[in-house]
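Here is a walk through one protein model. Keep the coordinates open and follow each stop in turn.

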Amino acid sequence: MMWETVWKQGKIAYGGDYNPEQWPEETWEEDMRLLKLAHIDTLTLNVFSWAALQPSEEEYSFGKLDKIMELAKKHGMKVCLATSTGAHPAWMARKYPEILRTEFGGMKRKFGGRHNSCPNSQVYRKYTVRLAEKLAERYQGYGNIIAWHISNEYGGACYCENCEKAFRVWLKGRYGTIEELNRAWNTSFWGHTFYDWEEIVAPDTRSEHLGAEQTVAQGISIDYQRFQSDSILDCFRLEYDAVKKYTKDIPVTTNLMGAYKPLDYQKWGKYMDFISWDSYPSNEDSASKTAWNHDLMRGVGGGKPFILMEQTPSQQNWQPFNALKRPGVMRLWSYQAIAHGSDSVLFFQMKQSIGGCEKYHGAVISHAGHGHTRVFREVEELGRELEQLGGEILGSVGTAETAVLFSWENWWAAEYSSGPSIRLKYEEETLKYYTAFHRQNIPVDIVGQEDDLLKYKLVVAPLLYMVKDGTDSRIREFVEKGGTFVATYFSGYVDENDLVAIGGYPGKLRDILGIWVEESDALPEYKTNHFAYQGQEYPAELLCDIMHLEGAEALARYQEDFYVGTPVVTRNSFGDGQAYYVGTRSNDGFYQNFMAELCKEQQIKAAAEAPEGVEAVTRVREEGKSYLFLLNHGEESQEFTVPNAAKELLTQKEYTKGECFTLPAKGVGIFMGQAGHAKE
Ligand code: GLA
Ligand code: ZN
């Protein structure tokens, strides 16, 4: 485990995206005055300036950016410098139409929008690298840059002929021969045999797809996802290398988007110096969904602290209903991000623009142009608090003994599958298990198929449909050595090429779980089976596995239908550990009780005994210091009984054991004490 802060800031970085190039220079000083009033110390600059920086193919113009950089320095602002390659210039699209993407339906894009460049265009790559290099060369001695922000929210996919060509090259690298490719894709199905690489085309609605998630050839579609994620990652890596040529010591990131399906962030994380991400929950999202995204992003970075690169001070502009963040909520959600591992609180945006689709997006400086607004006051108060906190918390890490396994490749595979049910949603199922822990304040790490499981006591792998090479051995070793493992329905079916493991489900997990799933019944929304677990009745929905025990014992059995009396929840002793199987989808009550039971057995403790609606999360540091965050998401004030003598950092008050701490609605507390069950 690394014990280090993400940025050498000395405090939690505070600020965010600032676009002064959209404003007359005379307004800049006033912006700085207001931002400093709000205790802002970090600016993300230059996110969408490519057109300004490169007015034509041969010409570059850094005059304005020089001035902006000087302005930031003069006012003591640290800079997170973007490379601007998230939106290419109009002249470039006109001159080189190959840089424009082709959409899934075959439509060739024109200039417009952003994030619209073909990742396999050599022209795009050449000019992004050139720009990144020029920026790094020019500002290498500037002194105030704390991070590089490559492009912006990479995403989407392209289906153009250039991408098709690059796909063939990528496939040759993966499979070597056309025979091996035909085997991996099982092309004898529906007469798809390829005799020449040139016959292979992109899988979209012109070829294999009926809709975004309906494909005739899952193997091809999954590989295309991998290929696009890799192609876009290559664009990131090219710019990464370009800036590193001049600035070896400045860490490099790009802003991710949480559980964003098109990009395999677990692979991306390996190439980023640190993880940063943009969090935009709606008011309706649960606290656990936001926490899940934070934990997912922390996991992608191997458990190290991350940077909250963007959140809105209040409303967004792109949701159907752009509700305001209620008083106190921006502060609460900022501390929630910190609690889950963020070393920053950054906003999109510092100042509201006057034109374009984001003109009504929340900002620190609103159209009113002064600081006498509710939002500004809340930003200012939080800024003051973060300044007081100073270097505390920075670099500290989580304490989880439990992990939930989540895998992008499995996500693609499980949802491309034609059958057994269109209701099957991978993230939704995973979130159900995650939420069961979150509601009980049990710390959780999110791990991928390649991560080490041995440091955990309990690992839950919902819907692990695709078991990659090596994953089953990692799970087997984990259970043999005493770990507790939980798998669910629709698991172990296929290998990484989406080819079914013959011999019976759940394939390579079968011996670990001690069961054989013979059939699986898909229930429509209006149909429910039931089972009783520890004296309580629960629903069985969506899929009902019909299984045989092969060493496992049944903990619950179906109560209806022709498979009445057959097992639905099982436990298998394997080596020194236990492997559980849940053969259906149930309700939140079941997941909570079941997970609570397993945690009790394994002596996995909650971060704290907190009242209903209060989230409790701990970060710890090497020296043995711990920070217990209490976050009251509810509408009522709550009383918390302080478990051990500790100092509350926001009020700077010492509390004794058993004393009562009142958390108002949306209130926050941070208790600094000695690490309880922190691991080395
Ligand atoms: C994203 C982008 C920003 C901005 C915000 C608006 O996160 O990175 O440039 O468009 O959304 O919510
Ligand atoms: Zn393309």
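What is the handedness of the crossing of H8 and H13? The crossing is right-handed. Bear in mind that this is a predicted model. The axes of helix H8 (residues 218–244) and helix H13 (residues 408–416) come within 10 Å. They cross at roughly 150 degrees. On the H8 side, the contact is made by Gln218, Ser221, Ile222, Gln225, Arg226 and Ser229. H13 contributes Glu409, Trp412, Ala413 and Tyr416.

Now turn to the metal. The zinc ion (ligand 2) has four cysteine donors from the protein: Cys118, Cys158, Cys160 and Cys163. Along the chain the donors follow the spacing C-x39-C-x1-C-x2-C. The angles among the four donor atoms run from 99 to 118 degrees, and the site is tetrahedral. For four tetrahedral donors, the ideal angle is 109.5 degrees. Cys158 and Cys163 are both buried.

Next come the sheets. Strands of a sheet pair through backbone hydrogen bonds, either parallel or antiparallel. One open sheet has three strands in the order E8-E9-E10, and its pairing is parallel. Strand E8 (255–256) and strand E10 (307–310) stand at the edges. Each has a single partner strand, so one side of each lacks a neighbour in the sheet. E8 is joined to strand E9 (residues 276–278) by two bridges. There, Leu256 stands opposite Trp277 of E9. Helix H10 (residues 287–300) packs on this sheet and touches E8, E9 and E10. The direction of H10 makes about 155 degrees with that of E9.

A second open sheet has seven strands, in the order E13-E12-E14-E15-E21-E20-E19. Its pairing is mixed. Here the edges belong to strand E13 (444–447) and strand E19 (553–557). Each of these has a single partner strand, so one side of each is left without a neighbour in the sheet. On average, neighbouring strands of this sheet are turned by 20 degrees against each other, direction ignored. Strand E12 (residues 402–405) pairs with E13 in the parallel sense, over four bridges. Val404 stands opposite Ile446 in E13.

Two helices accompany this sheet. Helix H14 (residues 426–439) lies across E12, E13, strand E14 (458–461), strand E15 (484–488) and strand E21 (577–582). H14 runs at about 170 degrees to E12. Helix H17 (residues 588–601) packs on the sheet too, touching E14, E15, strand E20 (567–574) and E21. The direction of H17 makes about 175 degrees with that of E21.

Further along the chain, look at strand E24 (residues 625–632). How many of the eight residues of E24 are buried? Seven are, and the strand is mostly covered. E24 pairs with strand E23 (residues 614–620) in the antiparallel sense over seven bridges. Within that pairing, Glu615 has Leu631 of E24 as its bridge partner. E23 and E24 form a hairpin with four residues between them. Gly624, in the turn, has a positive phi of about 100 degrees. E24 also runs antiparallel to strand E29 (residues 668–674), joined by seven bridges. Leu631 stands opposite Val668 in E29.

Then check the backbone geometry. Most residues other than glycine have a negative phi, and most peptide bonds are trans. A cis peptide bond joins Phe348 and Gln349, with omega about 20 degrees. Gln349 lies in the loop between strand E11 (344–347) and helix H12 (374–389). Another cis bond joins Tyr505 and Pro506, where omega is about 0 degrees. Pro506 sits in the loop between E15 and helix H16 (510–513).

Trp190 is not a glycine, yet its phi is positive, about 55 degrees. Trp190 is found in the loop between helix H7 (178–184) and strand E5 (209–211). Is Trp190 buried or exposed? Its relative accessibility is 59%, so Trp190 counts as exposed. Ile393 also has a positive phi, near 75 degrees. This residue lies in the loop between H12 and E12. At 0% relative accessibility, Ile393 counts as buried.

Finish at Ala522, in strand E16 (residues 515–522). Its relative accessibility is 32%, so Ala522 counts as partly exposed. Leaving aside residues up to four places away in sequence, Ala522 touches Pro420, Ser421, Leu542 and Leu543.

Conventions: Residues numbered from 1 in each chain as written. Chains lettered and ligands numbered in written order. Predicted model: local features only at pLDDT ≥ 70, side-chain atom pairs only at ≥ 80, totals over all residues. Heavy atoms only, no water. Donors = N, O, S within 2.8 Å, 3.2 Å for Na, K, Ca; no water. Tetrahedral: all angles 85-135°; square planar, octahedral: opposite > 155°, others 65-115°. Buried < 20%, exposed > 50% of the residue type's maximum accessible area, 1.4 Å probe, protein only. Contact = heavy atoms within 4.5 Å. Pairing = 2+ DSSP bridges. Axes fitted to C-alpha atoms, helices over the stretch in contact; angles between N-to-C directions. Left-handed = near helix turned anticlockwise from the far one by under 90°.
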